[in-house]
Amino acid sequence: MSEIKLKITDRDGVTHEVEAPTDMAMNIMEVVRAYELAPEGTIGICGGMAMCASCQCYVLNDVSLPEMGPDEDAMLAEAYNVKPNSRLGCQIPITEEIDGLEIALAPHE
């Protein structure tokens, strides 16, 4: 099993260094849930379908991410607290290419 390292800053401003497996078809939202970095019921409300923006995060460093799809783009157009570096965690798969990714969870509203 191959793992990557991520830095995730929670909504209280605490940064967590976590490891995530690349062979389990997980995404950032699922990693946040697995490590309980956000209160239950405040992230991944739609189950990772890019329909709620509860997993919105800010990308803090220059890591090659997959292109934003139309569903993610449309959801972010309607979300609160959106910044130019906003992405939906459910749309960022855990792959070796994102090793070292640093994100901050957007405020929950």
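**Figure 1. Overall fold of the predicted model.** Helices (H or I, at least four residues) and strands (E, at least two) are DSSP runs, numbered from the N terminus. By that rule, the protein has 2 helices and 5 strands. Their order from the N terminus is β-β-α-β-α-β-β. The radius of gyration, taken over C-alpha atoms, is compared with a globule rule of 2.2 Å times the number of residues to the power 0.38. The protein comes to 13 Å, close to the 13 Å given by the rule for 109 residues, so it is as compact as a globular protein of that length. Along the principal axes, the C-alpha atoms fill a box of roughly 35 × 30 × 25 Å. This is a predicted model: local features need pLDDT of at least 70, side-chain atom pairs count only at pLDDT 80 or more, and totals for chains, interfaces and linings use all residues. Residues are numbered from 1 along each chain as its sequence is written, and side-chain values use heavy atoms, with hydrogens and water left out.

**Figure 2. The largest nonpolar core.** A nonpolar core is a set of buried Ala, Val, Leu, Ile, Met, Phe, Trp, Tyr and Cys residues joined through side-chain atoms within 4.5 Å. Buried means under 20% relative accessible area, exposed over 50%, and partly exposed in between (1.4 Å probe, protein chains only). The largest core has 30 residues. Leu-6, Ile-8, Ile-28, Ile-94 and Ile-98 have the most contacts inside it. Elements giving two or more residues to this core include strand 1 (3-9), helix 1 (28-34) and helix 2 (70-78). Helix 1 supplies the largest share, 4 residues.

**Figure 3. Close-up of Ile-98.** Contact means heavy atoms within 4.5 Å. Leaving aside residues up to four places away in sequence, Ile-98 touches Ile-4, Leu-6, Ile-28, Val-63, Ser-64, Leu-65, Ile-92 and Pro-93. Across the protein, 63% of contacts between residues at least 6 apart in sequence join residues at least 24 apart.

Figure 4. Glu-36 sits in the loop between helix 1 and strand 3. Its phi is positive, about 55 degrees, although Glu-36 is not a glycine. Glu-36 is exposed, at a relative accessible area of 69%.

**Figure 5. Close-up of Asn-81.** The loop between helix 2 and strand 4 (86-88) holds Asn-81. Asn-81 also has a positive phi, near 60 degrees, in a residue other than glycine. Asn-81 counts as partly exposed, with 31% relative accessibility.
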